[in-house]
Amino acid sequence: MISKAMALFLEFCKIPHTSFHTEEMCAWLKDYAARHHLHVQEDSAKNLLFSKGSPRLCLQAHYDMVLVGQKVEPIEKDGFLCSIDSSLGADNGAALCAALCAFDSVENLELLITNDEEVGMLGTNALELRPKSKAMLNLDSEDLDEIIVGCAGGADVTFCFDNLPLLHLEENLGVYEVSTCGFRGGHSGIDIEGSTNAIVALAQFIQGLDDVYPISINGGTKRNAIAASARAVVLSRKELPENEHFVARKIAQNPPYKDCRKVLAFLTLPLLQGVQKKGALGVELSCNVGIVQSERDVCIQAMARGNDTHELLAFIETLHKASEGFGAEFGQTHFYPAWEREQGGRLLDITQHAFMSQQQNPTITTIHAGLECGILRNKLELDEILSIGPTIHNPHSKNERLDIASFARFESILLEILKNY
Ligand SMILES: [Zn+2]
């Protein structure tokens with residue numbers, strides 16, 4: 001027998017809801033609210049606020065998803081729910097469905113459902129709705145063994161090299177394309193410690209070669225992911241060495257050749273890639289190169305993250321200064337503040353007890369990734385906010401899997417919290 005929330009999630013999966021294309025899901029959610037006699041408010045960013053009775057606690061989830069693949073088709077396999085050939089959207093649909101079902105069990109509750117979270121928290125940034133509650137439970141974390149009490153802020157930063165000089169070499173050199181292989185990529189915050197960035201590794205490889213002139217470099221697909229592949233075109237007098245990570249082939253390409261040595265030197269600064277600071281709860285400050293594109297100019301898109309807003313701002317300024325030193329044009333967009341560690345209050349007490357009642361002994365921790373909590377806490381002047389969620393492996397990929405047993409425990413924990421708050 002599957003739970004009511006699981007049955008609802010299977011329905012939910014049939015409605016398209018990729019970020020920026022959430023109209024159908026928005027209508028489906030409003031229809032659900034109407035059928036369950038919930039009070040509905042909506043703002044111009046298509047965020048929704050459902051409420052019932054006189055709530056003191058507001059649940060919060062987002063309703064857009066990252067669709068990798070064509071179509072969500074859920075199947076059960078070895079205790080997990082996944083989609084046949086796409087991401088599943090359990091992030092954040094599963095917890096959202098549990099929250100919708102919770103309205104059947106309690107008299108006083110509100111639920112804030114945000115739009116376009118996965119593409120830079122657009123819904124939350126434009127939020128006009130005002131929940132009544134001063135305590136909020138975000139349901140967008142991905143491990144039932146944790147209660148999240150803080151997260152990183154972040155910003156997209158860009159470095160553009162325009163007017164790079166042309167190379168004028170006396171002799172004719174061979175033109176080679178060097179490509180990477182076997183890099184795994186990963187989440188630019190969570191995986192920043194363990195995963196090698198293909199763009200940066202390629203830049204280092206080329207810099208280590210004698211008498212080689214890079215004339216373009218391209219790589220990465222997402223501004224907020226560790227690049228899994230990259231390729232560069234270089235001029236060289238001799239055959240290039242190869243190894244398990246780099247392959248080279250001779251290609252035909254005519255001048256003009258842009259001198260990209262400065263770009264590669266910039267890409268290999270320790271400032272651009274990896275952990276910048278670590279503390280007791282893990283990584284606290286980092287930077288990741290997401291995309292590099294060589295067209296008319298060479299542009300690098302990176303993301304800086306920090307669990308302390310002031311440190312993050314200071315670090316962004318350091319990046320700005322460094323790029324000036326290299327003559328690159330600096331840009332910064334989509335800044336959001338860190339959610340600095342909660343000191344612990346009534347909601348944390350009740351949440352911990354609810355976990356215990358389900359034989360879960362959660363770690364109370366912060367994460368080095370973005371959740372909507374920081375923005376919401378400031379904007380709504382909340383007293384307390386926490387984040388929990390069922391266990392989801394590999395979100396934003398075709399390997400996304402929802403742990404079905406953890407989802408059942410999550411539903412019970414959620415009801416226990418709502419009963420006691
Ligand atoms: Zn999410």
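Trainee: Why is the largest cavity, at about 30 Å³, called a cavity?

Mentor: On a 1 Å grid over the protein atoms alone, the name goes to a set of points where a 1.4 Å probe fits but cannot get out. Points are joined across faces, edges and corners, and probe spheres set on them fill the volume, which is about 30 Å³ for the largest cavity. By the way, this is a predicted model: local features need pLDDT of at least 70, side-chain atom pairs count only at pLDDT 80 or more, and totals for chains, interfaces and linings use all residues. Residues are numbered from 1 along each chain as its sequence is written, and side-chain values use heavy atoms, without hydrogens and water.

Trainee: What makes a residue part of the largest cavity's lining?

Mentor: Having an atom within 4 Å of a point. Among those that line the largest cavity are Ala 90, Asp 91, Leu 139, Glu 142 and Pro 390.

Trainee: Why is the second largest pocket called a pocket?

Mentor: A pocket is an open set with protein on both sides within 12 Å along at least five of seven lines. This one holds about 240 Å³ of space. Of its 14 lining residues, Cys 13, Lys 14, Pro 16, Lys 71 and Val 72 are the closest to its centre. By class, the lining has eight nonpolar, four polar and two charged residues.

Trainee: What makes the area between domain 1 and domain 2 buried?

Mentor: Accessible area (1.4 Å probe) is lost when the two parts are put together, summed over both. Here that is about 1300 Å², with 51% from carbon and sulfur atoms. Ala 152, Glu 340 and His 368 supply 47% of domain 1's share.

Notes: Ala, Val, Leu, Ile, Met, Phe, Trp, Tyr, Cys and Pro count as nonpolar, Asp, Glu, Lys and Arg as charged, and the others, Gly among them, as polar.
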